[in-house]
Amino acid sequence: MDAKARIRELMAERKWSEYRLAIASGLSQSTVANIFNRNTTPSIATLESICAGFGITLAQFFAEGEMVEMTEEQREMFSAWSTLTKEQKEALQRLILVMKK
């Protein structure tokens with residue numbers, strides 16, 4: 001897997017800039033820029049910071065297709081989701097779609 005391509009994919013899904021990724025991951029802007037502008041492969045520590053910024057695990061970063069592991073935050077959300085009524089789930093889905101824009 002090409003780590004840089006995967007990072008770009010995750011940034012595109014969220015409509016994030018390199019600056020936004022740097023802020024979310026706690027990395028310097030130059031560190032993030034070097035990943036893309038130079039032929040620099042991010043270290044595991046850098047990838048862990050990036051994954052934390054995205055709110056995913058390293059396993060999810062490298063997973064092809066379905067998620068293999070959920071973060072604690074994702075488990076809490078899934079647990080809460082399962083207690084909602086059909087109408088509440090539909091309302092939450094609409095809210096999420098509006099927030100993504």
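A word on what we are looking at. This is a predicted model, in which local features need pLDDT of at least 70 and side-chain atom pairs count only at pLDDT 80 or more, while totals for chains, interfaces and linings use all residues. Residues are numbered from 1 along each chain as its sequence is written, and side-chain values use heavy atoms, with hydrogens and water left out.

Now the overall view. The protein chain has 7 helices and 0 strands, and its pattern along the sequence reads α-α-α-α-α-α-α. Helices (H or I, at least four residues) and strands (E, at least two) are DSSP runs, numbered from the N terminus. The C-alpha trace spans about 50 × 25 × 20 Å along its principal axes. Of the 101 residues in the chain, 27% are buried. Buried means under 20% relative accessible area, exposed means over 50%, and partly exposed is in between, with a 1.4 Å probe and protein chains only. Take the contacts between residues at least 6 apart in sequence: 43% of them join residues at least 24 apart.

Back to H2, then. It runs over residues 18–25, and its buried residues are Leu-21, Ala-22 and Ser-25. Looking down the axis of H2, these buried residues fall within an arc of 100°, so they line one face of the helix. The arc is taken from the directions that run from the helix axis to the C-beta atoms.

Why does Ser-25 count as buried? Because its relative accessible area is 10%. Setting aside neighbours within four places in sequence, Ser-25 touches Ser-49, Ile-50 and Gly-53.

How do H2 and H3 pack against each other? Two packed helices are described by the angle between their axes and the distance between the axes. For this pair, the angle is about 125° and the axes are 8 Å apart. That makes H2 oblique to H3. Angles under 35 degrees count as roughly parallel, over 145 as roughly antiparallel, 65 to 115 as roughly perpendicular, and the rest as oblique. The axes are lines fitted to C-alpha atoms, for helices over the stretch in contact, and angles run from 0 to 180 degrees between N-to-C directions.

Who meets whom in this pair? From H2 come Glu-18, Tyr-19, Leu-21 and Ala-22, and from H3 come Gln-29, Val-32, Ala-33 and Phe-36. By class, that contact has 6 nonpolar, 1 polar and 1 charged residues. Here Ala, Val, Leu, Ile, Met, Phe, Trp, Tyr, Cys and Pro count as nonpolar, Asp, Glu, Lys and Arg as charged, and the others, Gly among them, as polar.

Next, the loops on either side of H2. After H2 comes Gly-26, with a positive phi near 75°, and Gly-26 sits in the loop between H2 and H3. Gly-26 is exposed, at a relative accessible area of 66%. In the loop between H1 and H2 we find Lys-15, which has a positive phi of about 60° although it is not a glycine. Lys-15 counts as exposed, at 66% relative accessibility.

Let's move on to H4. Which residues of H4 are buried? They are Thr-46, Leu-47, Ile-50, Cys-51, Gly-53 and Phe-54. Seen down the axis of H4, they fall within an arc of 155°, so they line one face of the helix. The face turned away from that buried side carries the exposed residues Ile-44 and Ala-52. The cover over the buried residues of H4 includes H1, H2, H3 and helix H5 (58–62).

Just after H4, Gly-55 takes a positive phi of about 75°. One last stop is Thr-57, in the loop between H4 and H5. Is Thr-57 buried or exposed? At 14% relative accessibility, Thr-57 counts as buried. Leaving aside neighbours within four places in sequence, Thr-57 is in contact with Cys-51, Glu-69 and Thr-71. Thr-57 and Glu-69 are 12 residues apart along the chain, with their C-alpha atoms separated by 7.3 Å.

Conventions. Contact = heavy atoms within 4.5 Å.
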